[in-house]
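Look at the model first, then read on.

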Amino acid sequence: MIYLLSQILDRSASRFPDHDAFRCEGVGLTYAELLQRANGLAQWLVAHGVERGDRVGIYLNKSLESAIAVYGIWKAGGAYVPLDPNAPLARTAYAINHCEIRCLITYKGRRSRILDLLQASPTLSCIVGLPDSFELDQSVTRSVTRSVTRCDWTNLPLSDQAPNVRLMEQDLAYIMYTSGSTGTPKGIMHTHRSGLNYAQMAADTYKLTHKDRLGNHSPLHFDMSTLDYFSGPLVGATTVIIPSAYTKLPASLSQLVQDERMTIWYSVPFALIQLLLRGAIEENGEGEKEKRDLSSLRWVLFGGEPYPAKYMYGLMEKLPQARFSNVYGPAEINQCSYYHVPPLADGEPMPDQVAPIGKIWANAEEIVVDDDDRPVSVGEIGELLVRTPTMMQGYWRQPALNERCFYRTEIANQTAVFYRTGDLVQEIDGNYHFVGRKDRQVKIRGYRIELDEIEAALVAHEQVEEAAAYSVPSEVGSVRVEAAVILKSEVTLAKEDLMAFIADRLPSYAMPQQLEIVSVFPRTGTGKIDRRLLQKRAVDSYRVAISEAYSVQ
Amino acid sequence: MDNQEILKKFISEDLLNSRQRVEADDDLLGEEIIDSMGVMRLVAFVEETFSCKVPQSDITITNFRTIKAIDTYLAARSL
């Protein structure tokens, strides 16, 4: 029996030592090699002060090194904290300081930002993946005078032995930072227990075996990556890490699926829509020379945001051998339900979206409640509360938030703790359907964005009096964010300067596509900004812009 | 302006809102420069500006990684 996520690697390395655990850019890393390298990294980390429960940052692009980092950190007894390598500096520094990361794992491509991070994060004192030749003391303005321990990837030892660290399943395994409504990100804490439970449940549900080849589309800081990094290795499968350049070019992406003979796909619908529309998967008679063969795919998993049905059924038609499933679960609980989409029956009308999120996993339970936490009747809309062994411990150092995000009740003479998902659902024909959010969270290409956070970033500018952010549906089945601000009286501020100001605070996917400086906001009867009316106006003008763009062609 | 200059101007000024000046050898698809929506706009711009249809199967890393690569691709097409 295994009870730690790190034991996934030990077990698969003894069963399938010569099998590729991970692949990236055509290069493979076998389970035996991954084990040796992870042990070596762990030995180095422990020798340089990493202790049980320490948070270790991973600041890497999509690469084989990220797999070594995840398993190496676990074997050192630490918890990994994946940091978006493209996030604004202030946001990354916030996470590093907030969970007191002392050691960061990176690569030389990120070296230009390491100096800034070292300056912004006083706790940081140990860097893996930085060449010795890189000067930390570069100039008067960018010098780091404190002592920083470091080691380049090529100098890390290989080892058959993991350090002697005692861990239990309740120990912290990873923290993922996600958008928070107050303007600062919050860190979702998962233990070895919640991570391993998820790995096992998912491997079982999707019948993963060592013969599977999982396409890893999601970056490490995105919760969907846990299927590729935990469940794949659990069964001895091969995870093919897809570098970000491929995710931008659907025709290269489809080529990679073909070349690597991927069997399992898991991503947000956006990527699948791109694959269908631009992936060269059919001969369209317009000069197409090649057609990709995606017949290796046996299961297409998607989740994170609604999938417009015409694109999903469109792809299903092109991949008749594959099953399609809608996967549901906020990062706080990993995953708690799935819906296997049946093909459309003859004459069955196509819905707008693939709304069913299905049934709750056998090893989990749910309550659907109204605004006063009273259970609603079957068929009524309510908020989904879920209790599952794949659930997080809470948010790192957020006692007030942890009080609010869980719901406690008595079940079978025991205190049962449920996570409040904030998702509104409705049960129809035995399946839950996602109908919306209780709060102002929106999803863009699967990324969670709190509109409140965007407003907080705008209002942080000293010349901004009030701000409103709202979402506008766009034509590719996703949404775009727009915002409007009122300035303090008698000041002027260029739109570009305000955009530059918030770009230092928000990740690029949360940046408003449109920003207006206005003199008044529409108000509701109680004097609040009427965001619904602003949204409606934006939807109307976006429609006009789209139809004009099409009529020109 | 030659093709490379036209592409440089479009990518720097329109796609990147003058945040960054790109050079012919810069990796456009690397982490931070252009996202997937940007790639679509770039392809539309290439089709319109150079009056050619770019088939899906040509929109690949080989042809679109750098401004030089796009230029080479366009030159090969006009042969």
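Is the crossing of helix 4 of chain A and helix 5 of chain A left-handed or right-handed? The crossing of these two helices of chain A is right-handed. A crossing counts as left-handed if the near helix is turned anticlockwise from the far one by less than a right angle, and as right-handed if clockwise.

This is a predicted model: local features need pLDDT of at least 70, side-chain atom pairs count only at pLDDT 80 or more, and totals for chains, interfaces and linings use all residues. Residues are numbered from 1 along each chain as its sequence is written, chains are lettered from A and ligands numbered from 1 in the order in which they are written, and side-chain values use heavy atoms, with hydrogens and water left out.

**Helix pairs in chain A**

Helices (H or I, at least four residues) and strands (E, at least two) are DSSP runs, numbered from the N terminus. Axes are lines fitted to C-alpha atoms, for helices over the stretch in contact, and angles run from 0 to 180 degrees between N-to-C directions.

| Helix pair | Axis angle | Axis distance |
|---|---|---|
| Helix 4 (residues 89-98) and helix 5 (residues 111-120) of chain A | roughly 50 degrees | within 9 Å |
| Helix 1 (residues 6-15) and helix 3 (residues 64-75) of chain A | about 110 degrees | 8 Å |
| Helix 2 and helix 3 of chain A | about 55 degrees | 7 Å |

Angles under 35 degrees count as roughly parallel, over 145 as roughly antiparallel, 65 to 115 as roughly perpendicular and the rest as oblique. Helix 4 of chain A is therefore oblique to helix 5 of chain A. Helix 1 of chain A is roughly perpendicular to helix 3 of chain A. Helix 2 of chain A is oblique to helix 3 of chain A, and their crossing is right-handed.

Contact means heavy atoms within 4.5 Å. From helix 1 of chain A, Ser6(A), Ile8(A), Leu9(A) and Asp10(A) meet Tyr71(A), Trp74(A) and Lys75(A) in helix 3 of chain A. These residues divide into 4 nonpolar, 1 polar and 2 charged. Ala, Val, Leu, Ile, Met, Phe, Trp, Tyr, Cys and Pro count as nonpolar, Asp, Glu, Lys and Arg as charged, and the others, Gly among them, as polar.

**Salt bridges and the chain interface**

A salt bridge puts a side-chain nitrogen of Lys or Arg within 4 Å of a carboxyl oxygen of Asp or Glu. The whole structure has 31 salt bridges over all chains. One joins the side chains of Asp54(A) and Arg102(A), at 2.7 Å, N to O. The two residues are 48 residues apart and link distant parts of the chain.

Across the interface of chain A and chain B, the rule finds 0 salt bridges. Here 28 residues of chain A are in contact with 19 residues of chain B. The two chains bury about 2000 Å² between them, 50% of it on carbon and sulfur atoms. Buried area is the accessible area (1.4 Å probe) that two parts lose on being put together, summed over both.
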